[in-house]
Amino acid sequence: MQGKVAVSGAKNAALPLLAATLLAPGTYTLHNVPDLRDTRTMLKLLQILGASWERDGSTVQVNSVNLTGAEAPYELVKTMRASVLVLGPLLGRVGYARVSLPGGCAIGARPIDYHLNGFQQLGVVSSLEGGYVEARVQGELTGGKVWFDIPSVTATENLLMAAVKAKGETIIQNAAKEPEVGNLIDMLTAMGAEIKGKGTDFLTVTGVKELHPATISIIPDRIEAGTYLIAAGAAGGSLEVTDCDPSHLTALIEKLRAAGMQIEVYADRCIASRSVDGTPLRAVDITTMPYPGFPTDLQAQFMALMLCCNGVSIIHETIFENRFMHVAELRRLGAEIVIDGGSAVVTGIPRERLIGAPVMATDLRASASLVVAGLAASGTTEISRIYHLERGYEKMAEKLRQTGAAVEQVAD
Ligand code: UD1
């Protein structure tokens with residue numbers, strides 16, 4: 001691998017920020033919005049609710065003056081769980097929302113009880129009927145105290161979007177500290193909201209009566225950036241990952257260095273290199289944790305990097321109970337992985353024993369891990385069901401080809 005890849009805007013920031021355009025009527029401008037299957041789904045949902053939008057390159061303008069609905073239909077929610085992010089803004093603006101309850105997904109049960117319990121503290125009553133959650137503000141939205149068992153990213157975002165319009169003060173304890181939550185706080189603040197505690201797990205929101213539209217840029221996608229840094233380790237050579245924020249990637253960079261990669265860090269780019277002389281990387285253990293810990297969204301890709309390491313790497317997944325779907329596919333290339341509850345034990349094999357094969361993508365990040373493994377393996381790896389990949393990676397094949405990687409996207 002040789003050359004540069006530019007990172008797109010963060011999917012997981014674009015989704016809540018697009019949902020936030022529902023909060024106050026008007027025209028919003030969002031820069032650096034990635035064009036992905038998931039962002040298109042969110043735009044479709046905004047349209048169903050009555051908003052209109054226009055895209056010009058990576059800039060999206062949303063007009064939310066006329067809302068005509070308050071329902072997120074099953075057809076959309078089943079393809080993207082993050083559709084539940086319209087709950088908070090709809091409660092904040094019209095006091096009512098009807099959203100299909102997301103079912104389980106490939107990586108686990110993923111309930112939304114934290115969202116609903118949190119809304120209850122703000123005076124919202126919700127019920128389940130026909131697979132839909134109906135949430136309605138009783139009287140008026142009123143500030144309250146919310147505490148999460150585990151910091152949840154979208155629950156924190158949903159609560160913030162309702163609390164900014166609630167009467168009085170809302171405190172969110174054990175809030176998620178992910179940079180994407182920070183990006184949403186910046187947008188809500190630009191809209192006139194009063195939020196203290198950005199970047200911490202203790203957020204204080206003082207509700208305001210009126211909010212107004214804003215212009216905001218989506219932060220770079222740290223998971224996309226991290227995937228390319230890992231890919232450089234798998235393929236060898238030197239890769240410059242530009243348009244990223246390395247300060248959001250500390251956990252990964254530390255682990256890549258511990259494995260023996262060289263990572264040069266600058267303000268908005270990283271250069272990752274691994275010699276191509278055949279010296280294997282060292283085995284490194286990881287444990288997924290909420291930010292700033294090692295992200296669960298990079299666990300599968302990191303595992304793929306460890307397939308040919310020197311030694312045994314133990315990968316603990318603590319966020320989602322079923323996030324090892326990629327293991328069975330990686331084994332098809334020759335990988336030696338044993339799953340023990342929430343841990344995967346990877347015994348590194350010599351690179352020549354990792355051989356390309358047809359594999360199937362099961363979820364978004366699992367697909368990325370198959371690409372990483374395919375880059376490390378000899379021969380051809382054919383990945384089917386890549387629509388999963390298109391949910392979160394903008395032009396991945398094209399970006400990788402620019403670095404000399406032999407990756408081609410054919411009709412799936
Ligand atoms: C977000 C990200 C996703 C990432 C995940 C964890 C978006 C759009 N998606 O998902 O890419 O993998 O954070 O970093 O930002 N939980 C409950 N009840 C709830 C909510 C969460 O039990 O109501 C549990 C989950 O099952 C999980 C943990 O809390 O075990 C954290 O999940 P959460 O942060 O909510 O994930 P998402 O916000 O869905």
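A disulfide is defined here as a pair of cysteine sulfur atoms within 2.5 Å. The model is predicted, so local features need pLDDT of at least 70 and side-chain atom pairs count only at pLDDT 80 or more, while totals for chains, interfaces and linings use all residues. Residues are numbered from 1 along each chain as its sequence is written, and side-chain values use heavy atoms, without hydrogens or water.

The structure contains zero disulfides. For Cys-308, the closest cysteine sulfur is that of Cys-309, at 8.0 Å, which is too far for a bond. Cys-308 is buried, at 6% relative accessible area (buried, under 20%; exposed, over 50%; partly exposed, in between; 1.4 Å probe, protein chains only). The sulfur of Cys-270 has its closest cysteine sulfur in Cys-244, 4.4 Å away and also too far for a bond. Cys-270 is buried, with a relative accessible area of 0%.

A pocket is an open set of points on a 1 Å grid over the protein atoms alone, where a 1.4 Å probe fits, with protein on both sides within 12 Å along at least five of seven lines; lining residues have an atom within 4 Å of a point. The second largest pocket holds about 890 Å³ of space. Its lining comprises 34 residues, and those closest to its centre are Ile-383, Ala-397, Val-407, Glu-408 and Gln-409. By class, 18 lining residues are nonpolar, seven polar and nine charged. Helix α12 gives the most to this lining, with four residues; helices are DSSP runs of H or I of at least four residues. Domain 1 (10–217) and domain 2 (222–401) both contribute to the lining, so the second largest pocket lies between them. The domain bounds come from an automatic or database domain assignment.

Note on methods
Grid points are joined across faces, edges and corners, and a volume is the space filled by probe spheres set on the points. Helices (H or I, at least four residues) and strands (E, at least two) are DSSP runs, numbered from the N terminus. Ala, Val, Leu, Ile, Met, Phe, Trp, Tyr, Cys and Pro count as nonpolar, Asp, Glu, Lys and Arg as charged, and the others, Gly among them, as polar.
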